[in-house]
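Here are my notes on this one, written as numbered points. Have the picture open while you read.

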Amino acid sequence: MHELSIAKSILDLVLRRARDDGFRRIHSVHLKIGRLSGIEPESLRFCFGVLSADTLAQSAVLEVEILALRGKCRACGGEFDLPEIDFVCPGCHNSDIEVISGTEMVMDKMEVE
Amino acid sequence: MDIRLAEDLLEANNRVAAKLKALLSEKGIFALNLLSSPGAGKTTLIEKTLQRMKGAAKTAIIVGDVQTSRDKQRFEDAGLDAVQINTEGGCHLTATMVERALASLDLDALDLLFIENVGNLVCPAGFQLGEDVKVVLLSTTEGDDKPGKYPAAFLHAGALVITKIDLLPWTNFDLESAKKDALRLNSKLKTFEVSSLKGEGMEDWVDWILQRVERKRRNGGLGHGRAL
């Protein structure tokens, strides 16, 4: 639901970087978004498209890689993909699970010229 | 040409949140960040909690809403100190908004801070505000399937308060199923069942907060005020 502000942060960061390093155009921006980050990729792309008009990023494609929800068992140390709700270690059936991935929002890289 | 960025989009907020957490620790203030969908009873829970505490903790409330200062007015009518944040369309509070609100409070005179987030079970989950603990509210009129549908809110919470339990006879809310689902996501979750208006279950909840306030107050100024 806060895709507009996230899109604005992304655009500000890539434009600053492009300006600092003297690039002429941004072709794409690659993001890694956790499945549970609350971000909807289509909505993010739409917002980014609107905001990036008349900037170095106006034709940039927003590539979104969705990261699975992964957990680590605090008892046996095993790591595994987490299902929708039942957070139990498939190895030792312990339910003390640390979520190690799936809530992040990271700008990984961009392609420029 | 590929340029590596590796920028965390939440980093800017996390940095401010860490600063606030350090400040609140130094001042010995226990801070709760209350999350729920609109109408789950955050404002009423805070009002009734503070009435029961009868001044046992010097408290301030930061209340976030998209618009109006109705909640601030409600708190002030009840004789409570409140700072209103209007997000003007924003769907969650950010650490910077809380930082601004804290600047208008006398932190040396406080032990306890309630941060009432914007009513929304999705967006506030990812934004730390410098709190000691996130508390998720789930009302019996919303349905017991919410933990499974909105897992992010429950994942990083320290406590779950199931509210409006006085209405249970008139709903199909399954208390055990809601708790079970929430605990399956987060086995460390402390759960409470309350009716803010009728008083049921409020004692345990109030005691839980006061114990943490006391612990944080003792650790205040030592730079290691860990409350949980």
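**Notes on chains A and B**

1. Let's start with how chain A is connected. Among its contacts between residues at least 6 apart in sequence, 71% join residues at least 24 apart. Two residues are in contact here if their C-beta atoms, placed from the backbone, lie within 7 Å.

2. A quick word on what you're looking at: this is a predicted model, where local features need pLDDT of at least 70 and side-chain atom pairs count only at pLDDT 80 or more, while totals for chains, interfaces and linings use all residues. Residues are numbered from 1 along each chain as its sequence is written, and chains are lettered from A and ligands numbered from 1 in the order in which they are written.

3. Chain A has two helices and six strands, in the order α-β-α-β-β-β-β-β along the sequence. (Helices, H or I with at least four residues, and strands, E with at least two, are DSSP runs numbered from the N terminus.)

4. Now for the overall shape. The C-alpha trace of chain A spans about 55 × 25 × 15 Å along its principal axes. Its radius of gyration is 18 Å, whereas a compact globule of 113 residues would come out near 13 Å. (That radius is taken over C-alpha atoms, and the globule rule is 2.2 Å times the number of residues to the power 0.38.)

5. Look at helix H1 of chain A, residues 3-21. In H1(A), A:Glu3, A:Ile6, A:Ala7, A:Ile10, A:Leu11, A:Val14 and A:Ala18 are buried. Seen down the helix axis, the buried residues of H1(A) fall within an arc of 135 degrees, so they line one face. (The arc is that of the directions from the helix axis to the C-beta atoms; buried means 20 or more other C-beta atoms within 10 Å of a residue's own, exposed means 12 or fewer, and partly exposed is in between, with C-beta atoms placed from the backbone.)

6. What sits on the face turned away? There, H1(A) carries the exposed residues A:Asp12, A:Arg16, A:Arg19 and A:Asp20. On the buried side, the cover includes strand S1 (26-34), helix H2 (41-51) and strand S6 (105-112) of chain A. After H1(A) comes A:Gly22, with a positive phi near 70 degrees.

7. Strand S6(A) also reaches over to the other chain: S6(A) and S1(B) pair in the antiparallel sense over five bridges. (Strands pair if DSSP finds at least two bridges between them.) A:Glu111 stands opposite B:Asp2 in S1(B).
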